[in-house]
Amino acid sequence: MKNPVKFFFSREESDVKVANNRLLSYAAGLTGQNISYNFISSRLFVFLNTVLNIPAEKTGLITGVSTLWDAINDPLVGTLIDARKFKPGNKLRPLILYTSPIIGVLTALMFFDFHLSVTATIGLIMVLYLIYDIIYSVQDVAMWGLLPLSSPHSEERARVSQWVSIGAGLGGAIGGLFPSVRSILVSKAGFSEQSAYFFGAVCFGFGGMMLSMLAYRMREKVNYVQEKKISVLDSLKSLRHNKTLIIICLARFLGGISFMLPWEYFFETEEVSYNFFGMSISGGTMQVIYGLIPGIPSALMMFFATRFAEKLGGMKRLLVLAEVLQIVCRLIAFTIGANNRFLNPACLVAIWFFIAIYNIPVSMKDIAHRSLLSDSIDEVELKTGERTEGIAFSMQNFISKLSAAVSKLIQGYVLKFLRFENIKGLDGAALVRAQSKNSPFFKYRWHQFMLGPIIGSLLYLITILFLNDNREHMAEVERLLKERRKELEQAETAAAYE
């Protein structure tokens, strides 16, 4: 990539190759979507618990049930998208354009304090989230469903997967800046905690959704014409033909089982207000630094993800390596930071080093998942004659959100077990800092923070070993599909001529 400007804005395109300027728009759209989703998925629990002072177990119930609903409606949305009639080249793109502004407005509303009772607030949040989630599911399936439609060639789809995953990762990183922004707004600009969160919802939530509309510029290149109307039941039945999807979904669900709390509950405690090599750093800023510094090597390596996977021998080996390294490095980092040694700057740097090591392959997991799933949709088309972008990517969303729902329910009860209590007159960081006087919460915060995800990693690793990743087989699938599509096109032309 000698000239980045010329590379990213190149209009060179073919029936197989995606123009780089369109690829850039698609990646930017995923950046915006993930800025918005990162904000609501990582901040809503904390906002309800520490700002609106809803008790932890009720917060866990709200976010857990909401996320569970979020998961359940995804397969229905996916099957309806697959079943609907569409013009060639417009199966998914229009859905992105019309849903994004509505999602942005609903995100902002969920972070506005209407000064209602606890019961009324719970009811309002549930209703807003229900509406938000149905519309978000449509947009999300459309955004990711474009990937397998981006090219009929698996290697080109892997390239698209790499770049849009970089865009999505960038969105997650930008969304992760909010704790530092919130800390500045509250301590320097005189914002209340509630006002700071609402400001974040407008800028990160609504603004991110406006940016996501750029994905509309991506073209659907797979020459596929729906031969017959597909029922919702037929779309669901197609899942049995997709072993790759089933294994990845199961692995992701099990991998998401975690006893780790949101980062605010670790970084905002009184003892984690830091003297870092002579610099005084707030908990919110330290949280951002903790996420960014170990993430720099992995962010750079994502540009070489497809080459890295090729050197390893395939996407499956990349997924296995990611989990093995995460388990080993988390155990080493836990040992280094045990007994409050993580407060020592030198120990913290060592911890960052091991986190950076496992972050490199972990950051590439989504690229591998999406590339493998895109290939699996070709296999389903070869077996059944139907393409199933909607149900395939909605099942991915279903599993991710089902896993998140379970995690949020666990988080609520972990906080209750650790005797985290709401204290009248305190909110946000002040409330979390007050828990430093709470012995169980304070004693086990490092254990749950560093060891909590290991259980999920072990379960993921065992499941993903059953995945089949054969490049020769995929090349044969592409050859056969090319022949079939050409025959169908010729038959359609002959019928039109008659």
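This is a predicted model: local features need pLDDT of at least 70, side-chain atom pairs count only at pLDDT 80 or more; totals for chains, interfaces and linings use all residues.
Student: Happy to start with the overview. What makes up the secondary structure of the protein?

Tutor: The secondary structure comes to 22 helices and two strands. Of the 498 residues in the protein, 55% are buried. Among contacts with a separation of 6 or more, 82% are between residues 24 or more positions apart.

Student: Let's look at helix 10 and helix 18. Why are they called roughly parallel to each other?

Tutor: Good place to begin. The axes of helix 10 (residues 243–255) and helix 18 (residues 389–417) cross at roughly 15 degrees and come within 9 Å. Angles under 35 degrees count as roughly parallel, and therefore helix 10 and helix 18 are described as roughly parallel to each other. Their crossing is right-handed.

Student: Which residues in helix 10 and helix 18 meet?

Tutor: From helix 10 come L245, I248, C249, R252 and F253, and they meet A392, M395, Q396, I399, S400, L402, S403 and V406 in helix 18. The residues of this contact divide into nine nonpolar, three polar and one charged.

Student: And what makes helix 10 roughly antiparallel to helix 21?

Tutor: Here the angle is about 165 degrees, and the axes of helix 10 and helix 21 (residues 454–464) are 7 Å apart. An angle over 145 counts as roughly antiparallel, so helix 10 is roughly antiparallel to helix 21. The crossing of helix 10 and helix 21 is right-handed.

Student: Which residues meet between helix 10 and helix 21?

Tutor: I247, I248, L250, A251, R252, L254 and G255 in helix 10 meet G456, S457, L459, Y460, T463 and I464 in helix 21. By class, the residues of that contact divide into eight nonpolar, four polar and one charged.

Student: C249 sits in the contact with helix 18. How do you know whether C249 is buried or exposed?

Tutor: Set the value against the cut-off. C249 has 5% relative accessibility, and buried means under 20%, so C249 counts as buried. Now try C203, with a relative accessible area of 37%. That value lies between the 20% and 50% limits, so C203 is partly exposed.

Student: While we are on cysteines, how many disulfides does the structure hold?

Tutor: The structure holds zero disulfides. The test for one is a pair of cysteine sulfur atoms within 2.5 Å.

Student: On to the loops. Where is N53 found, and what is its phi?

Tutor: N53 is found in the loop between helix 2 (20–51) and helix 3 (56–83). Its phi is near 60 degrees, a positive value in a residue other than glycine.

Student: Why is N53 called partly exposed?

Tutor: N53 has 30% relative accessibility, which falls between 20% and 50%, so N53 counts as partly exposed.

Student: What makes H115 exposed?

Tutor: Its relative accessible area is 69%, and exposed means over 50%, so H115 is exposed. H115 is found in the loop between helix 4 (93–110) and helix 5 (118–149). H115 has a positive phi of about 55 degrees although it is not a glycine.

Student: One more, please. How do you know that R419 is exposed, and where is its place?

Tutor: R419 has a relative accessible area of 53%, over the 50% limit, so R419 is exposed. Its place is in the loop between helix 18 and helix 19 (428–434). R419 and A56 are 9.7 Å apart in space, C-alpha to C-alpha, and 363 residues apart in sequence.

Definitions and conventions
Residues are numbered from 1 along each chain as its sequence is written. Side-chain values use heavy atoms; hydrogens and water are left out. Axes are lines fitted to C-alpha atoms, for helices over the stretch in contact, and angles run from 0 to 180 degrees between N-to-C directions. Helices (H or I, at least four residues) and strands (E, at least two) are DSSP runs, numbered from the N terminus. Angles under 35 degrees count as roughly parallel, over 145 as roughly antiparallel, 65 to 115 as roughly perpendicular and the rest as oblique. A crossing is left-handed if the near helix is turned anticlockwise from the far one by less than a right angle, and right-handed if clockwise. Contact means heavy atoms within 4.5 Å. Ala, Val, Leu, Ile, Met, Phe, Trp, Tyr, Cys and Pro count as nonpolar, Asp, Glu, Lys and Arg as charged, and the others, Gly among them, as polar. Buried means under 20% relative accessible area, exposed over 50%, partly exposed in between (1.4 Å probe, protein chains only).
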